[in-house]
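Reader: I have a structure to go through and I'm new at this. Can we take it step by step?
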Amino acid sequence: MICVEKSVLDSALSIFKAAKTVVWMTGAGMSAESGIPTFRDAQSGLWARFDPQQLASAEGYRADPASVWSWYQWRRRLVVKAKPHAGHFALAEFQKAFGHGLITQNVDGLHQLAGASEVIELHGNIRSSSCFAQRHPLSVPMPDINDVADAELLESPPHCPLCGSTARPDVVWFGESLPMDALQHAEALSYGCDVFVSVGTSSQVYPAAGFALLAKSQGAKIIEINPVATPLSEQNDCAIRGQASEVLPLIAKRLLLN
Ligand code: BJW
């Protein structure tokens with residue numbers, strides 16, 4: 001349970017009400033309360049001794065494809081069980097009611113499950129796979145919903161029927177380029193918005209972390225929703241220190257009813 005100070009919420013609401021174009025960007029903290037650990041916390045069991053930055057890289061995959069694949073399979077088991085929370089539904093409502101833009105760094109598809117459309121996925125989606133060597137699309141079904149999310153399970157990646165290379169998730173790893181259409185769309189939205197809202201991201205990974213700065217450089221106001229401060233915080237016009245599942249419905253209650 002959080003207690004957002006009334007003055008902080010009022011300040012955010014007056015920023016929203018004065019804005020024509022609002023863009024939201026979410027990170028792993030958005031999905032934490034749906035049962036998906038944040039990127040830097042996705043380290044249970046066997047994975048506690050691995051560095052997530054190494055696992056999420058082509059270099060890490062080349063060194064140990066089975067471990068990387070198994071880490072993603074464990075996370076895919078969590079994703080298949082996860083349901084959107086009240087914060088995801090609030091964002092989908094803002095989109096429908098006011099045409100707000102929605103950019104996400106998350107790869108779990110929870111915004112879409114909550115009814116959001118036109119979600120800009122900067123870092124791909126964990127539900128689909130392709131082969132490592134040629135990026136041939138591969139059909140690797142998501143784990144069964146009844147599978148236990150066993151963080152100790154080691155599995156070998158399946159092979160590509162076309163080239164024999166092994167499977168990887170269709171996500172963007174460190175050192176890889178973001179999908180050009182998503183990148184350009186996110187840049188355009190950030191450049192042209194009046195308000196940029198950053199939710200549940202540590203604001204450490206670029207180019208995503210640069211979008212708030214781009215928006216700020218063009219005169220946009222920055223609102224941050226995160227229980228803790230981040231490198232973005234010194235740019236904030238308003239910081240709401242709380243959890244996404246509680247803060248977003250509070251904002252929705254005030255914005256959608258007025
Ligand atoms: C809550 C909460 C609750 C908790 N409610 N909040 C410029 C400067 C320096 C470096 C670079 C630069 N430009 C590019 C780079 C290199 C690199 C980079 O940024 N490195 C940094 C580590 C410095 N970037 C790249 O390599 C990118 N590619 C690129 O730039 O290509 C061009 C290029 C190529 C080669 C050389 C140079 C340039 C690609 C980045 C891809 C990121 N991919 C990942 C993995 C995706 C797949 C997967 O999930 O496994 O994306 S990494 C990981 O980080 C994941 C996330 O989307 C991303 C961001 O993490 P996020 O969402 O912020 O999560 P956390 O865990 O860090 O934070 C959670 C937050 O939530 C916390 O703040 C909590 O407090 C909060 N929270 N509960 C609200 N209930």
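Author: Start with a term: a pocket is an open set of grid points with protein on both sides within 12 Å along at least five of seven lines. Keep in mind that this is a predicted model.

Reader: OK. Where does the ligand sit?
Author: The ligand sits in the largest pocket.

Reader: How many residues surround the ligand, and which are the closest?
Author: 34 residues surround the ligand, and the closest are R40, Y72, R75, E176 and S202.

Reader: What is the shell like by class?
Author: The shell around the ligand has 16 nonpolar, 14 polar and 4 charged residues.

Reader: Which helices supply at least two residues of that shell?
Author: Helix 2 (29-32) and helix 5 (65-81) each do.

Reader: You listed Y72. How many Å is a ligand oxygen from its side chain?
Author: An oxygen atom of the ligand is 2.6 Å from an N or O atom in the side chain of Y72. For the side chain of N226, a ligand oxygen is 2.8 Å from an N or O atom. With A28, a polar backbone atom is 2.8 Å from an oxygen atom of the ligand.

Reader: And how much of the ligand does the protein cover?
Author: The protein covers 74% of the 1500 Å² of accessible area that the ligand has on its own.

Reader: New topic. How many aromatic pairs are there?
Author: A search of the whole structure finds 10 aromatic pairs. One of them is Y61 with W173, a tilted pair at 5.6 Å centre to centre, with 35° between the planes.

Reader: What does that pair tie together?
Author: Y61 lies in helix 4 (residues 58-63) and W173 in the loop between strand 6 (167-171) and helix 8 (180-192), so the pair ties together parts that are 112 residues apart in sequence.

Reader: What about the backbone, where is there a cis peptide bond?
Author: A cis peptide bond joins Y206 and P207, with omega at about 5°. P207 is in the loop between strand 7 (195-199) and helix 9 (210-217).

Reader: And which residue has a positive phi although it is not a glycine?
Author: E118, with a phi of about 50°. E118 is in the loop between helix 7 (110-113) and strand 3 (119-121).

Reader: Why mention those two features?
Author: Most residues other than glycine have a negative phi, and most peptide bonds are trans.

Notes
Residues numbered from 1 in each chain as written. Predicted model: local features only at pLDDT ≥ 70, side-chain atom pairs only at ≥ 80, totals over all residues. Heavy atoms only, no water. Near = heavy atom within 4 Å. Polar contact = N/O pair within 3.5 Å; in protein donor to acceptor, adjacent residues only side chain to side chain. Areas by Shrake-Rupley, 256 points an atom, 1.4 Å probe, with all protein chains shown as cover. 1 Å grid on protein atoms, 1.4 Å probe; cavity = no way out; pocket = protein on both sides within 12 Å on 5 of 7 lines; lining within 4 Å. Sits in = over half its atoms within 2 Å of the grid points. Helix = DSSP H or I, 4+ residues; strand = E, 2+ residues; numbered from the N terminus. Nonpolar A, V, L, I, M, F, W, Y, C, P; charged D, E, K, R; others polar. Phe/Tyr/Trp six-rings, centres within 6.5 Å; stacked < 30°, edge-to-face > 60°.
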